[in-house]
Amino acid sequence: MNKTLRAAPYSILVAGHGSRDRDALLEFEGLMELIRQRSGDCSVAHAYLEFAEPTIDVSVRRMVADGARRIVLLPALLGAAAHAKNDMPAEMLALKEEFPEVQFHYGAAMDLHPLLLDLCRKRLIEAEARCQNLRRREDTCLVVVGRGTTDPDANSDVSKLARILEEGMGYGASFVCYAGTARPLVRQGLEMAQRLGF
């Protein structure tokens, strides 16, 4: 069979946020390698929204130059905040105007998938195993720290995650705080959680 006829009907562009931290970029590139291994005949590229290269527009131009005519832009973002709802779709609209002959499709940001919940549970069990002064879960307040955003939907996903872990694993309570943008911040959150008496 002709290789052209067997070629994948679309190409995938996985777009991460980007970071100034080289280790963070290496971790993302490691994830990209796993995606490429499992993508079959689909062409897979990656890009960053900011702080790193290649940017989304640069990667799309390379894909089009290589012959891509259907591109799926997949946001590799946890939670649908402003970057997933506004920034990446705006980039895609500009690229649609630049390349009217290319079909663009936009994927959904990652949400509270059962595999993500399983990973959180695993990390908590690992942390408990390292604890020298372990308390019973029902006597423990689980503090969950989210990134924080101006988007209330994304912040509410962190609260939902905390509640699912609290109830599913038997913690006495849970409390949510954020590393930036949203309140309470980590220090304030820990002080407030301490007042709950756990």
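Predicted model: local features only at pLDDT ≥ 70, side-chain atom pairs only at ≥ 80, totals over all residues.
1. Residues are numbered from 1 along each chain as its sequence is written, and side-chain values use heavy atoms, with hydrogens and water left out.

2. Histidine 46 lies in strand 2 and counts as buried because its relative accessibility is 16%. (Buried means under 20% relative accessible area, exposed over 50%, partly exposed in between, with a 1.4 Å probe and protein chains only.) Not counting residues up to four places away in sequence, histidine 46 touches Leu13, Val14, Phe28, Glu29, Met32, Arg36, Pro54 and Ser59, where contact means heavy atoms within 4.5 Å.

3. Leu13 leads us on to the largest nonpolar core, which has 21 residues; Leu13, Ile56, Val60, Ile71, Phe99 and Phe104 have the most contacts inside it. Two or more residues each come from strand 1 (11-16), strand 2 (43-48), helix 3 (56-65), strand 3 (70-75) and helix 4 (82-98). A second, separate core of 14 residues includes Cys120, Val144, Leu165 and Tyr178. Such a core is a set of buried Ala, Val, Leu, Ile, Met, Phe, Trp, Tyr and Cys residues joined through side-chain atoms within 4.5 Å.

4. Beyond four places in sequence, the contacts of leucine 13 include Ala45, His46, Ile56, Val60, Met63 and Ile71.

5. Do look at aspartate 151 too, in the loop between strand 5 (141-146) and helix 6 (152-169). Aspartate 151 is buried, because its relative accessible area is 12%, and its side chain reaches the backbone nitrogen of alanine 154 at 3.2 Å.

6. As for the overall layout, the protein has seven helices and six strands, in the order α-β-α-β-α-β-α-β-α-β-α-β-α from the N terminus on. Helices (H or I, at least four residues) and strands (E, at least two) are DSSP runs, numbered from the N terminus. The C-alpha atoms fill a box of roughly 65 × 35 × 30 Å along the principal axes, and 37% of the 198 residues count as buried.

Note on methods: Polar contact = N/O pair within 3.5 Å; in protein donor to acceptor, adjacent residues only side chain to side chain.
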